[in-house]
Amino acid sequence: MQNSYYLFSNGELKRKDNTLRLSTEDGTISDIPIEKVYDIYVFGELNINTALLNLLSKYKIAVHFFNYYEHYIGTYYPKESNLSGALLVNQIQHYEILNKRLKLAKLFVSGSADNILRNLKYYNTRGKELDNSIQEISELMTQLSYMDSISSVMGIEGNIRKNYYEQWQIIINKDIEFEKRVKRPPDNMINSLISLFNSLLYNKIITEIYKTQLTPTISYLHEPFVKRFSLALDISEVFKPLIVDRFIFSLFNKNMIDESDFEKQTNSLKLKESSFKRILKLFDDRLKTTITHRTLNRIVSYRYLIRLELYKLIKHLIGEKEYDPFKIWW
Amino acid sequence: MKITGLMVNYYCLCQRKLWLCFHKINMENESELVNIGKVIDESTYEDEKHNFFIEDLANIDYLKNNTVYEIKKSDKMLESAIMQVKYYLYLLKERGLKNIKGKINVPLSKKSIDVFLDDEGIQEIEKCLAEIEKILNYKLPPQTLESKICKSCAYYELCFI
């Protein structure tokens, strides 16, 4: 199995024959066989050269870069080799024709809401008082079908998320003041973790999109100009409840994280490097978690569920089978 | 329409794969089995003349002593490979080359199969070319095969999700 590599060291990453060689400032050298690499996440200060980019392109490996504050700054996205003109035409058509776009936008939101409800119901059966929220979100979902503009669909999505986030203080067995989502800058531990892992999920999805014929810039729920790869934002709505939210709940409820893992920046919180490494490893393990897929009857990882979602979208776009967003079934 | 040797092979194997591949919805580079096939192709018969092209229709593994050679990873899907080689012979015949034979080599099981193109074969090929043209013009991909071979196919997840 190919792995994601998360590089924290400062130093140099270069090509050594058919291998990636990481030489760090303190003199250690590690070699990574290129066939083992799925994608790369760079958090340190690295020098790279074109010989390296050449090799990465040959093996079609995307590299995601982050700055000192663990904010995503960009991706080295090798030349597209998976291009399908026929699919691109369909992707654009589904954006341009409002009814087609609305249909997809609503499916992304309802998929997301289904998974949110799954999470709430899980904690509800474990003695947390979430009945009201479950009812309110279910109601918001029924309103979805009457919406006739993308902005109103987005509005519903916002309201669902807002209601959901309001329950996090109940779900998480910790006394953390978390009333609402604050992004720039994230003001407490929970907001800071949401920002970080939403962003990592977004990058995971970019890697998956790159492995398909889909064009990452054409999206349906989000406007194609909000972010460079806005299709990844659409898909991430469906997976946040499974991959990010559940992960954050378990970090707190299993006492795997607390205040001592963070350091205070001028007006935000940042994970300490050692804590970040430890938690990233847990997150990576989570993506490798496998389940038996009901339709395929094959064992698939969470990471691969994302790819399957893209295949379903392709089938929708070429008009073969209507997209049915992924639902947590366990 | 330009019909390649690979398209003839896919036609015999799975019409859905033919359609998807023609529309550039490829899955091959994701498949371990396909990569193994590629390595076998690159690492066997290295001394022979490799990759003989007939315009952009066919990429013949190698040509030697009036014989067209096609290298395959396994002899499981022989029928489609035979049609592919017959199509190569057909293309060569159309271009005035006579008395060419075909051979399919399966290095892993040390097998070698002879292929000839007779009048019946010519008819078979022509019928197949007309069918391919028809399929590629479909608006939607043909249905999934639901056959045993699907399990090892690079398109399995796309087809069955």
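**Before you start**

This is a predicted model, in which local features need pLDDT of at least 70 and side-chain atom pairs count only at pLDDT 80 or more, while totals for chains, interfaces and linings use all residues. Residues are numbered from 1 along each chain as its sequence is written, chains are lettered from A and ligands numbered from 1 in the order in which they are written, and side-chain values use heavy atoms, with hydrogens and water left out.

**Stop 1: the sheet around β5(A)**

Select strands β1, β5, β7 and β8 of chain A. Strands here are DSSP runs of E with at least two residues; helices are runs of H or I with at least four; both are numbered from the N terminus. Two strands pair if DSSP finds at least two bridges between them. The four strands make an open sheet in the order β1-β5-β7-β8, with mixed pairing. At the edges lie β1 and β8 (72–76) of chain A, each pairing on one side only. From one strand to the next, the twist averages 20°.

Contact means heavy atoms within 4.5 Å. Axes are lines fitted to C-alpha atoms, for helices over the stretch in contact, and angles run from 0 to 180 degrees between N-to-C directions.

Now zoom in on β5 (residues 37–42) of chain A. How many of its residues are buried? The count is 6 of 6. Buried means under 20% relative accessible area, exposed over 50%, and partly exposed in between (1.4 Å probe, protein chains only). Strand β1 (residues 3–7) of chain A runs parallel to β5(A), joined by 5 bridges. Look for Leu7(A) opposite Val42(A). With β7 (residues 63–66) of chain A, β5(A) also runs parallel, through 3 bridges. There Tyr41(A) stands opposite His64(A).

**Stop 2: the sheet with β2(A) and β3(A)**

Select the open sheet of 4 strands ordered β4-β3-β2-β6 in chain A; its pairing is mixed. Its edge strands, β4 (29–33) and β6 (46–47) of chain A, each pair on one side only. Strands β2 (residues 11–16) and β3 (residues 19–24) of chain A are antiparallel over 6 bridges. Lys16(A) has Thr19(A) in β3(A) as its bridge partner. Helix α1 (residues 50–58) of chain A packs on the sheet and touches β2 and β3 of chain A, at about 60° to the direction of β2(A).

**Stop 3: the rings**

Show Phe, Tyr and Trp side chains. Rings (for Trp, the six-membered one) pair if their centres lie within 6.5 Å; planes under 30 degrees apart count as stacked, over 60 as edge-to-face, and the rest as tilted. Over all chains, there are 29 aromatic pairs.

Select Tyr123(A) and Phe249(A). They form an edge-to-face pair, 5.5 Å centre to centre with 90° between the planes. Tyr123(A) is in helix α3 (residues 98–124) of chain A and Phe249(A) in helix α8 (residues 230–253) of chain A, so the pair ties together parts 126 residues apart in sequence. Tyr123(A) is buried at 12% relative accessibility, and Phe249(A) is buried at 0%.

Next, Tyr164(A) and Tyr165(A). Their ring centres are 6.0 Å apart and their planes at 25°, so this pair is stacked. Tyr164(A) is buried at 0%; Tyr165(A) is buried at 6%.

Then select the cluster linked by ring pairs: Tyr6(A), Phe8(A), Tyr41(A), Phe43(A), Phe66(A), Tyr72(A), Tyr202(A) and Phe276(A).

Finish with two arginines. A charge sits over a ring if NZ of Lys or CZ of Arg is within 6 Å of the ring centre and within 35 degrees of the ring normal. Arg298(A) places its charged end over the ring of Tyr156(B), 3.7 Å from the centre. Arg303(A) lies over the face of Tyr38(A), at 3.3 Å from the ring centre.

**Stop 4: helices of chain B**

Select α1 (residues 5–13) of chain B. Of its 9 residues, 7 are buried, among them Met7(B), Tyr10(B) and Leu13(B). Their cover includes α2 (15–22), α4 and α5 (119–136) of chain B.

Move to Gln84(B), in helix α4 (residues 78–94) of chain B. Is Gln84(B) buried or exposed? Gln84(B) is buried, at 4% relative accessible area. Leaving out residues up to four places away in sequence, Gln84(B) touches Gly5(B), Val8(B), Asn9(B), Glu70(B) and Lys72(B).
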